[in-house]
Amino acid sequence: MSVESEILLVSHGDDPLRHLVTRILEDHRDRLPDLSRHAVLFPYSGAIPRFRRILREQAEKAGHAALLPPATGTLNTWACKFANAKARRLSANAREILLLGLLNKYPDWQNQYGAWPLIDSLLALLDELTLNQAQLPDDRTQFVRQISGYFGIQSNGSSPFESEAGMVHTVWMAWQERLKNRNLLDQTLQFTDGLARSLHILSEDTRIYLAGFTNFSRSEFQWLKNLHARRQLTLVLQGQYDPDSGDPDNCIARMLQELGVQPVTGVVSDPYSDFLNRAFAAADGNLLARAQEQFAASASSPAGNHLVIHEAADAESEARAIDIQVRRWLGDDIHDIGIVTNDRKLARRVRALLERANVELRDAGGWVLSTTSAATALDRWLECLERNFYYKPLLDLLKSPFLHLDFERTTLDRLVAAFEQGIVRDRNLTSGLDNYRFGISHVRDKLEERHSSGISSALALLLDRLENAAAELLPLKFTQQQSAVKFIAALQASLKRLGLWDGFENDVAGLELLAVLDEMKTAVGDGHLHLTWAEFHRWLRRNMEQRHFHPPMHGRGVELMGFTESRLYRFEALIIAGALRDHLPGHISAPPYFNDRVRADLGLPALGQRYSLMFHDFRHVLEAAPHVLITLRREHEGERLVASPWVEKLRAFHELAYQEKLNNPELEWLVQQPESMIVDHETPLPSPVNQPAARLPAGLVPVAITATDHQRIMDCPYQFFCASGLGLAPEEAVRDEMEKADFGMHVHRILQAFHAGVHGLPGPWEKPLTDDTISEAAGLLREISRSAFANDLRRHFLARGWLYRWEECIPAYLEWELKYGSRWRIKATEWKQEREYSGTGIRVILKGRIDRLDRGADGYRLVDYKTGVVPTRQQVQRGEKVQLPFYALLPEEGTVAQALFLSIGDGKVTERNKLEGETLQILKTAVKERILMLKRQLDAESPLPAWGDVETCNICDMEGLCRRGMWNEQIRVNSQTK
């Protein structure tokens with residue numbers, strides 16, 4: 001059966017795919033069910049599933065339960081299959097690298113524009129020139145003179161266009177020559193070559209069907225004309241056709257004029273379509289006159305039952321409006337719903353709201369590869385190398401599910417937890433593998449005690465494996481330039497040693513990432529490309545940002561897409577979201593090279609053509625469903641936003657014609673109602689609570705009570721319950737610079753090294769301290785100090801200031817030591833002690849570590865170094881601050897004659913709150929009896945109430961558990977008046 005070629009035009013409100021399927025089944029009804037020799041081609045792949053579904057449904061109605069379907073795909077993919085098989089095909093990556101190598105001969109261009117931006121703009125121009133069969137003169141001077149002549153400028157070396165025109169001509173000629181000499185076809189040449197060759201390969205009875213196109217290049221037009229002449233073409237277009245109209249929706253007329261054919265029109269006019277045509281008519285610029293004409297044609301608004309424009313207060317309200325409207329439609333048994341938008345941020349929020357309502361949303365936009373967890377793991381690894389294994393990217397990497405480093409996952413999780421808490425947070429080590437090793441060696445005993453035997457060796461092994469994984473890649477960071485092949489090989493080797501490679505192979509996004517690396521490796525296979533580390537990392541990140549995941553679309557359900565993807569859809573209801581000028585049409589940037597006059601002469605599309613294509617897609621979606629909602633928002637962070645000019649024109653036209661707005665008061669009201677939000681009704685809303693008074697099970701009562709435990713009970717029993725009983729004490733914050741807490745730890749360690757010796761530091765001082773030796777002692781203290789601060793001096797800018805602050809105190813400390821040295825002799829430093837006390841039916845173990853224990857004629861002296869805030873004497877004597885009397889209970893032999901805080905800071909060393917004699921004995925006894933009483937109450941599981949006093953609550957980390965802000969008002973008042 002011979003079928004005439006035809007151009008089928010359907011209206012915006014019709015379904016082009018149904019017309020296409022009807023035409024296919026009608027054209028080949030005598031050969032059904034075999035359609036395999038024909039091809040159906042689209043501009044994008046998202047339309048394929050819906051086409052196949054409609055084809056299957058209509059074939060079944062025609063009595064064909066099964067079909068041999070036609071070849072279906074995109075025009076680009078289909079044409080490339082016919083390209084010259086003898087030529088070498090150039091991938092997108094290889095093409096970029098080839099052009100980069102060409103541009104390396106012109107470093108001034110790269111310095112002026114930047115290598116990758118220049119490559120992007122030039123490749124876009126090269127594609128346009130190739131697709132539109134542009135013919136540039138062979139002579140560069142002639143081309144420059146031609147471009148300058150368009151503006152009436154003589155080419156004499158000073159023309160502002162000579163630099164741009166000269167660069168374009170040079171690149172175009174060098175590019176053509178390079179491809180020809182190497183027998184290469186880039187992707188655009190594969191396409192154009194495939195189109196031309198397909199005309200010689202296609203059999204006479206093969207028919208090509210195209211749908212969804214709004215524009216063609218010269219190469220494509222030439223191919224279409226040949227197919228049309230051979231009666232092998234059916235082209236389905238959608239929109240208006242009026243060659244004499246000046247409407248912006250003129251891309252259909254432009255295509256038909258280029259093809260030189262008249263369409264077989266299927267356009268059916270209706271009142272709503274006429275309303276839209278009048279609103280956007282460009283031939284008559286008088287909006288008021290057109291509105292009056294509209295009212296005369298229809299006294300009631302044809303848009304009233306079709307179109308709603310909802311203007312929300314802000315982005316969250318707009319997302320809520322979309323969420324509510326989708327759920328309303330689903331409740332009305334409307335299921336084929338489209339959400340069309342160019343605002344990806346709004347799209348993500350809408351997706352989150354719908355998912356909370358258990359509404360499945362398919363997103364044609366997909367996800368950028370660089371945002372996936374696999375790409376994040378790779379980026380964290382490179383960041384570790386660039387930032388000397390800074391703790392933030394390192395911890396992110398170690399916690400990645402893709403990493404294993406030859407450890408079992410459970411083992412690795414345990415090691416990472418120990419590393420984070422024991423090394424990074426407790427020791428405040430923020431970078432450097434050697435620094436981390438230093439920290440492990442200095443807290444080995446503490447790590448083994450807190451976690452398990454062998455944990456230190458396992459952590460050292462983990463660091464060794466990280467270092468081994470970086471062995472090939474890290475040196476490349478410090479070189480001027482290296483072969484890109486070497487970079488990629490080293491990166492792949494490091495991924496295998498880390499175990500990331502195996503993890504990526506078991507993940508969809510990870511496989512895509514490995515494919516990117518393979519393509520990059522293939523692209524630089526000749527080894528001629530040389531890059532710095534920064535250039536390589538930028539190239540890798542660029543490749544990950546250019547890759548997208550596109551989940552399959554089915555043409556049913558709730559689907560999220562851009563305007564281009566919506567062309568061949570027909571919905572039951574549709575939302576055009578984010579209708580602001582910034583997104584609709586958005587910023588339509590001018591082409592990077594030449595103005596419209598020059599581009600027109602070269603056969604390239606002008607800026608206005610791009611604008612009309614975008615408007616065509618917008619005009620289509622206004623009729624793509626019987627129910628259309630347009631949403632926008634008024635402001636963002638106090639800044640007034642501007643609506644899309646197309647939406648503004650539509651809104652103004654309707655108000656002029658009918659003196660009423662295209663809004664929906666019911667939707668506006670629903671957005672304001674809290675009841676319209678999806679909430680978990682099974683979880684009751686928070687209500688005022690009583691003052692918490694938890695009971696700690698006997699099994700969770702600490703075996704030994706520390707001074708910190710006792711102080712917590714005194715400050716707030718509920719704080720003790722959370723921190724000491726449940727072990728919920730907050731993690732130490734990691735500090736990028738030294739702070740007072742680090743200063744205090746260093747001072748304690750320095751004084752311990754001076755008096756008793758510390759492994760890895762100079763000292764101890766072994767001579768009598770006299771007026772003659774005090775300067776020598778000061779020298780040793782300074783030597784110890786610099787050694788103790790050495791690691792921080794390398795890592796922290798402010799460490800030198802803290803060192804200077806301590807060194808100012810050295811003379812005062814030695815003067816204090818000299819003054820009391822004849823009376824007190826040091827017995828121990830950092831002295832750990834446990835002591836058991838018992839009472840009637842009760843026993844308790846006290847545990848603590850005393851900074852310094854001295855021995856004198858009258859007994860022991862306890863010294864606690866303080867580099868920060870020191871409790872007042874009143875707080876100590878009233879038993880509110882318990883540290884000194886608590887420590888006085890620890891020694892089992894001898895009498896504690898004295899206990900004091902030694903305040904160190906601001907160049908001074910001062911004894912504070914010295915307890916001795918009867919005062920000390922009274923406080924010791926009182927504290928001991930109170931501890932025994934508290935232990936008895938703890939064993940009996942007595943309540944541990946939250947006091948709620950302001951002073952304690954202001955510095956408490958457990959506020960989220962006691963929820964003091966939600967206590968009954970009467971309780972808060974009572975607690976504040978205690």
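Student: How much space lies in the second largest pocket?

Tutor: Rolling a probe the size of a water molecule over the atoms shows where empty space is left. About 1500 Å³ of space lies in the second largest pocket here. A pocket is an open set of points, on a 1 Å grid over the protein atoms alone, where a 1.4 Å probe fits and protein lies on both sides within 12 Å along at least five of seven lines; lining residues have an atom within 4 Å of a point. Points are joined across faces, edges and corners, and the volume is the space filled by probe spheres set on them. This is a predicted model: local features need pLDDT of at least 70, side-chain atom pairs count only at pLDDT 80 or more, and totals for chains, interfaces and linings use all residues. Residues are numbered from 1 along each chain as its sequence is written, and side-chain values use heavy atoms, with hydrogens and water left out.

Student: Which residues lie nearest the centre of that pocket?

Tutor: Look for Leu 131, Asn 215, Ser 217, Glu 220 and Leu 613. The whole lining has 45 residues. Of these, 18 are nonpolar, 13 polar and 14 charged. Here Ala, Val, Leu, Ile, Met, Phe, Trp, Tyr, Cys and Pro count as nonpolar, Asp, Glu, Lys and Arg as charged, and the others, Gly among them, as polar.

Student: Which helix gives the most to the lining?

Tutor: Helix 6 does, with six residues. Helices (H or I, at least four residues) and strands (E, at least two) are DSSP runs, numbered from the N terminus. Helices that each supply at least two lining residues include helix 4 (92–103), helix 10 (218–229) and helix 28 (607–621).

Student: How many residues of helix 4 are buried?

Tutor: Ten of its twelve, so helix 4 is mostly covered. Buried means under 20% relative accessible area, exposed over 50%, partly exposed in between (1.4 Å probe, protein chains only). Among the buried ones are Asn 93, Arg 95, Glu 96 and Leu 103. Length can be read too: helix 4 reaches 17 Å from its first C-alpha to its last, close to the 16 Å expected at 1.5 Å a residue. The expected span is 1.5 Å times one less than the number of residues.

Student: What span should helix 14 have?

Tutor: Its 17 residues, 315–331, should span 24 Å. The end C-alpha atoms are 24 Å apart, which agrees. Buried residues in helix 14 include Ser 317, Arg 320, Asp 323 and Trp 329.

Student: What happens at the start of helix 14?

Tutor: Check for a polar contact (a pair of N or O atoms within 3.5 Å; within protein, one must be able to donate a hydrogen and the other to accept it, and residues adjacent in sequence count only if both atoms are side-chain atoms). A side-chain oxygen of Asp 314 reaches to within 3.4 Å of the backbone nitrogen of Glu 316. Just after the helix, Asp 333 takes a positive phi of about 65°.

Student: Which other residues have a positive phi?

Tutor: Asn 183 is one of them, with about 55°, although it is not a glycine. Asn 183 sits in the loop between helix 8 (162–181) and strand 5 (184–185). Gln 659, also not a glycine, has a phi of about 50°. Its loop runs between helix 29 (645–658) and helix 30 (665–672). Asn 183 is partly exposed, at 38% relative accessible area. Gln 659 is exposed, at 64%.

Student: Where is Lys 225, and which residues does it touch?

Tutor: Lys 225 lies in helix 10. Contact means heavy atoms within 4.5 Å. Lys 225 touches Glu 258 and Leu 259, not counting residues up to four places away in sequence. The backbone oxygen of Glu 258 lies 3.2 Å from a polar atom of the Lys 225 side chain. Lys 225 is partly exposed, with a relative accessible area of 36%.

Student: Is Thr 829 buried or exposed?

Tutor: Thr 829 is buried, with a relative accessible area of 12%. It is in strand 23 (residues 824–839).

Student: Which residues does a cis peptide bond join?

Tutor: One joins Leu 32 and Pro 33, with omega about 15°. Pro 33 is in the loop between helix 1 (16–27) and strand 2 (39–42). Another joins Leu 584 and Pro 585, with omega about 5°. Pro 585 belongs to helix 26 (residues 582–586).
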